[in-house]
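Here's a quick tour for anyone meeting this structure for the first time. Have a look at the picture, then read on.

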Amino acid sequence: MMNKKTNRFPENFLWGSASAAYQVEGAYNEDGKGPSVWDNFTRIEGKTFKGTNGDIAVDHYHRYKEDVQLMKEQGLKAYRFSVAWSRVLPTGRGEVNEMGIEFYNNLIDELIANDITPVLTIYHWDLPQALYDEYQGWESRKIIEDFTNYAKLLFERFGDRVKYWVSLNEQNIFVMHGYLMGSHPPGYKNPKLAFQVNHHANLANASVINAYHEGGYQGKIGPSFAYGPVYPKDCDPKNVLAHENAKALQNDFWTDVYVWGRYPRLVMNQLKKVGLDFEVTEADQKLLESAKPDFMGINYYQSGTVEMMPLDEVLEQSKPNYEGKKGTTKSTGLPGFFKTTPNPYLETTNWDWAIDPIGLHISLRRLYERYDLPLLITENGLGEYDKLEEGDKVHDGYRIDYLKKHCLAIHDALEEGIPVLGYCTWSYTDLLSWLNGYQKRYGFVFVNREEAEGSDLRRIKKDSYFWYQDVIATNGSNLFED
């Protein structure tokens, strides 16, 4: 909608940034930490770019005070981080590792002492290996109790200071990549199992949200979902139908359960027809419907465009673009439902992700209109090649342009009355980009390391660091300057 702009953000808007434990902490086997599935998965040859792993990552575990001081100097209002489950419960349950608890207590206290609001993610993919070895982790209903007890531990130890909680991060990504595409732990390509695993994750999420509310903690909790609006290739009705299929399967199937506690009927009918239905008991349904998130977290990076895929069409199989070679991503799809196609109106990154700031505005509108919940942008950022130049300079104007346009899209949503609580960029420092190694950089702070170990891990402020510093200082008013 075209409105006269106020050129203002809310006074309490959370200008933030984010990270995840496995991607930044390092110290993978120190101070009593147990192994996670990612510690082991990255040791399988060919799974990650140049064999990179998070053994050291960017050493946030030992350098958190330095990193928080950089946040303070920048004026950051919020910092989203995750707890490594196996750092506080080395085997996933049972005896607590007090040294792990101490690390997160210290981090939280350091943030608060510097006027930075902690946003704690309970699960960002690093399942304790012991739970996978015992009962295959998310493949078993046993995970619900263990995940709930783990979350209760965090609520008890940190709930007096942490007021924003993310229950699950990008459930759609860790389920689909882990059990459908085979690119994340445990590396399966089993569609039937993927949908059952997803159901277990939904039950665990609901159980944890209920536990938080029943504990009487004074804060907000909700899941964080990797959301991207879907567009039809054109106005051909069959492509519009493909868009409806993709929207239902890629978005509504997940978010409806978070808020309403039920799966979309049309999706469930189609899954049953192709033998991918899964067990939902009466008790399951009751649990799902009982859990009400306080907000919806959205990780937004790109939109998608689709067209109809004939039943007899076979797509060329290819690996996703993890090398950063622009133009190498191939179409994917489901015969009879949809297939992806490039959007001629959008530029893409070197990893072939569509750059679509208006898509963020569309996402916020769709989610608020459908669910009537406050929204928290828990991730948004640009992964690109950054170059360290003479004098310790990193000129990442392309990132500034990307972030500025997305901030303006948020403002447009706010102007329409959509309650957006805050904006956490991805990421604060450069970090391990899971399968992409260290070449794909996201941060405001350049970390001096490559795929090979041995660099000094110096923190260097990029141009975008100073730009965001000004955004925060002016509460976004500088975004409207030419």
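## Ground rules

Contact here means heavy atoms within 4.5 Å. This is a predicted model, where local features need pLDDT of at least 70 and side-chain atom pairs count only at pLDDT 80 or more, while totals for chains, interfaces and linings use all residues. Residues are numbered from 1 along each chain as its sequence is written, and side-chain values use heavy atoms, with hydrogens and water left out.

## The barrel

Let's start with the strands. Helices (H or I, at least four residues) and strands (E, at least two) are DSSP runs, numbered from the N terminus, and two strands pair if DSSP finds at least two bridges between them. Eight strands close into a barrel with parallel pairing, in the order β1-β2-β3-β4-β5-β7-β11-β12. On average, and ignoring direction, neighbouring strands of this sheet are turned by 25 degrees against each other.

Zooming in, β7 (residues 296-299) pairs with β11 in the parallel sense over four bridges. Met 296 has Leu 375 as its bridge partner in β11. Helix α5 (residues 98-113) lies across β2 (78-82) and β3 (117-123), and runs at about 170 degrees to β2. For such angles, axes are lines fitted to C-alpha atoms (for helices over the stretch in contact), and the angles run from 0 to 180 degrees between N-to-C directions.

## The annotated site

Which residue does UniProt list for "active site"? In an unreviewed entry, the listing is Glu 379; UniProt annotations may be inferred rather than shown by experiment. Glu 379 lies in strand β11 (residues 375-379). Glu 379 counts as buried because its relative accessibility is 3%, with buried meaning under 20% relative accessible area, exposed over 50% and partly exposed in between (1.4 Å probe, protein chains only). Leaving aside neighbours within four places in sequence, its contacts include Arg 80, His 124, Glu 170, Tyr 301 and Trp 426.

## The nonpolar cores

A nonpolar core is a set of buried Ala, Val, Leu, Ile, Met, Phe, Trp, Tyr and Cys residues joined through side-chain atoms within 4.5 Å. The largest one has 127 residues, and Ile 122 and Trp 138 touch the most other members. Helix α9 (residues 191-214) supplies the largest share of this core, 12 residues. Apart from it lies another core of 11 residues, among them Ala 20, Val 24, Val 58 and Trp 426.

## A buried arginine

Arg 399 is found in helix α14 (residues 397-415). Arg 399 is buried, with a relative accessible area of 1%. Its side chain reaches the backbone oxygen of Leu 382 at 3.1 Å.

Terms used: Polar contact = N/O pair within 3.5 Å; in protein donor to acceptor, adjacent residues only side chain to side chain.
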